[in-house]
Amino acid sequence: MCTGHRKMMTFREGQRRSKAKLGLGIMLCILLVLGALVVGGYFFFERLISEKYYFCHRSLGFVPMLAACDGRADCRYGEDESNCVSNTNTTSNTTFPVRLVSDRLVLQVHTVGSRWSYVCAENWRGHHTQSTCQQLGYTESPRSVWVPVHSLPSQLPMSFSGVQAQQGPHEAHVYAGVMPQESCSSGSVISLSCSDCGFALGEDRIVGGSDTFVEEWPWQASLQWMEQHRCGGSLISLRWVLTAAHCFTSRTKAVDHWRVVLGKTIMGSSGGISVEKIIIHRSYKHTLNDYDIALMQLSKPVTTGDSVRPVCLPPYHLPLKTGEQLVVTGWGLLQENGQLASVLQKATVPLIDRQVCTRPSSYSNSITPRMLCAGYIEGGVDSCQGDSGGPLVYLTSHWQLIGVVSSGMGCARTNYPGIYTNISTVLEWIHTVIQNY
């Protein structure tokens, strides 16, 4: 080991080294600032370009965004037309063969002779429950219970069918193996609960609304174009979100630019899920806002929890009366021509009688059978721009999706309540699209 003393640093040497360190620090700060400016500028111009131009990733070129998804390939290899919003006619001339009716969610099948019939409980097995729920678009937690025949709604025809005892677990669909019966020997029919849907931690801006938490409305989705909130939506199964057709304009038809954000109370773009397909109703008329409904297929199934859970689709013939209290949620404008809400809003709005909504002083003859009105004739509380596509829900034993925010004259104006797409009138289209994809 060497022994000795370290050489003492002179004052001048220390001064020179301090100046060198100071200069190096200033240089590093300048480089960091320049780097931040370059990165910020890149993302700024990248967003600016992406909003106005579609990037042809195979031919490495740009075309105007309005030229994307216009039915004509503008990229050399046609990338601009390869993944666009579709209005393909997925509804055939045949009736979707299974449905749930009344607030008891009783199963009906469409049998030979073009009639709907209840399914008797005898010979019903677990694999029948699973296959029927899967046909309706649900793969999570299918369950069935027996409902006494005497408790069925009297306003519906009493027709019955039964599963044949020899029908095995490999039959593709239950409706294909049922046969008409005069009555049920068990005295009961089948009711299905196909999904853990419609359950939330709470119950019960939207104009005139109040702050809320996404855990109270865990199906609420933010549909974002280029990381900017454009519309609301409702998660209805692990891979499907229901929204409004008018959210997809000529400028926003490229599917790969959309993301769906779930589980957020405060508006943000992090954690967005990419979209596989967007399908709007073929009969949608943007001039009339008729059939204002669309489905988005997510690129992967969601994981459910307290802040992410599907809402239930309503059954057919749900007894819903004028004045029933419904809830609309979203991040839309807090007032007409105002600003978007940063915190999720909720508002309670009553269902309005169609005759009131179609008065000459209101919407007159512009209300079609695919629409319903909810809100207050005197105004004050309403959905608004930015809420479009979002949920209008009704609480029975669980929350059911009654409507989709569609249109209206302004926001919260007197005589002009909110107009919503009536989900009960498009259920067959929803089930058919989900089954086909």
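Predicted model: local features only at pLDDT ≥ 70, side-chain atom pairs only at ≥ 80, totals over all residues.

Visitor: How many disulfides does the structure hold?

Guide: The structure holds 8 disulfides. One of them joins C120 to C184, with an S to S distance of 1.9 Å, and at -75 degrees about the S-S bond this link is left-handed.

Visitor: Where do C120 and C184 lie?

Guide: C120 lies in the loop between β5 (115-119) and α2 (126-135), and C184 in the loop between β8 (178-181) and β9 (188-193), so the pair ties together parts that are 64 residues apart in sequence. Helices (H or I, at least four residues) and strands (E, at least two) are DSSP runs, numbered from the N terminus.

Visitor: Are C120 and C184 buried or exposed?

Guide: C120 is buried, with a relative accessible area of 0%, and C184 is buried as well, at 11%. Buried means under 20% relative accessible area, exposed means over 50%, and partly exposed is in between, using a 1.4 Å probe and protein chains only.

Visitor: What about the link of C197 and C312, which hand does that one have?

Guide: The disulfide from C197 to C312 has an S to S distance of 1.9 Å, and with 100 degrees about the S-S bond it is right-handed. C197 counts as buried at 9% relative accessibility, and C312 counts as buried at 3%.

Visitor: And what is C357 joined to?

Guide: C357 is joined to C373 by a disulfide, S to S 1.8 Å, which is left-handed at -70 degrees about the S-S bond. C357 lies in helix α3 and C373 in strand β19, so the pair ties together parts that are 16 residues apart in sequence. C357 is buried, and C373 is buried too.

Visitor: Switching to charges, how many salt bridges does the structure hold?

Guide: There are 6 salt bridges in the structure, a salt bridge being a side-chain nitrogen of Lys or Arg within 4 Å of a carboxyl oxygen of Asp or Glu. One of them is between R370 and D290, at 2.7 Å from N to O. This pair links distant parts of the chain, 80 residues apart, with R370 in the loop between α3 (354-357) and β19 (371-374) and D290 in the loop between β15 (273-280) and β16 (294-298). R370 is buried, as is D290.

Visitor: What else is in contact with D290 around there?

Guide: T368, found in the loop between α3 and β19, is in contact with D290 and R354, leaving aside its neighbours within four places in sequence. Contact means heavy atoms within 4.5 Å. T368 is itself buried, with a relative accessible area of 14%.

Visitor: Which residue does R413 form a salt bridge with?

Guide: R413 forms a salt bridge with E336, and their closest N and O atoms are 2.6 Å apart. R413 lies in the loop between β21 (399-407) and β22 (418-422) and E336 in the loop between β17 (325-330) and β18 (345-352), so the pair ties together parts that are 77 residues apart in sequence. R413 counts as partly exposed at 36% relative accessibility, and E336 is partly exposed at 27%.

Visitor: Which residues are linked in a network of salt bridges?

Guide: D70, R72 and D74 are linked in such a network. Within it, the side chains of R72 and D74 meet at 3.8 Å, N to O; R72 counts as exposed at 51% relative accessibility, whereas D74 counts as partly exposed at 31%.

Visitor: Last topic, the nonpolar core: which residues have the most contacts inside the largest one?

Guide: They are I236, L242 and I430, in a core of 89 residues. A nonpolar core is a set of buried Ala, Val, Leu, Ile, Met, Phe, Trp, Tyr and Cys residues joined through side-chain atoms within 4.5 Å. Not counting residues up to four places away in sequence, I236 touches several residues, including Y138, L295, P310 and L401. A second, separate core has 13 residues, among them Y394, I402, V405 and Y420.

Key. Residues numbered from 1 in each chain as written. Heavy atoms only, no water. Disulfide = S-S within 2.5 Å.
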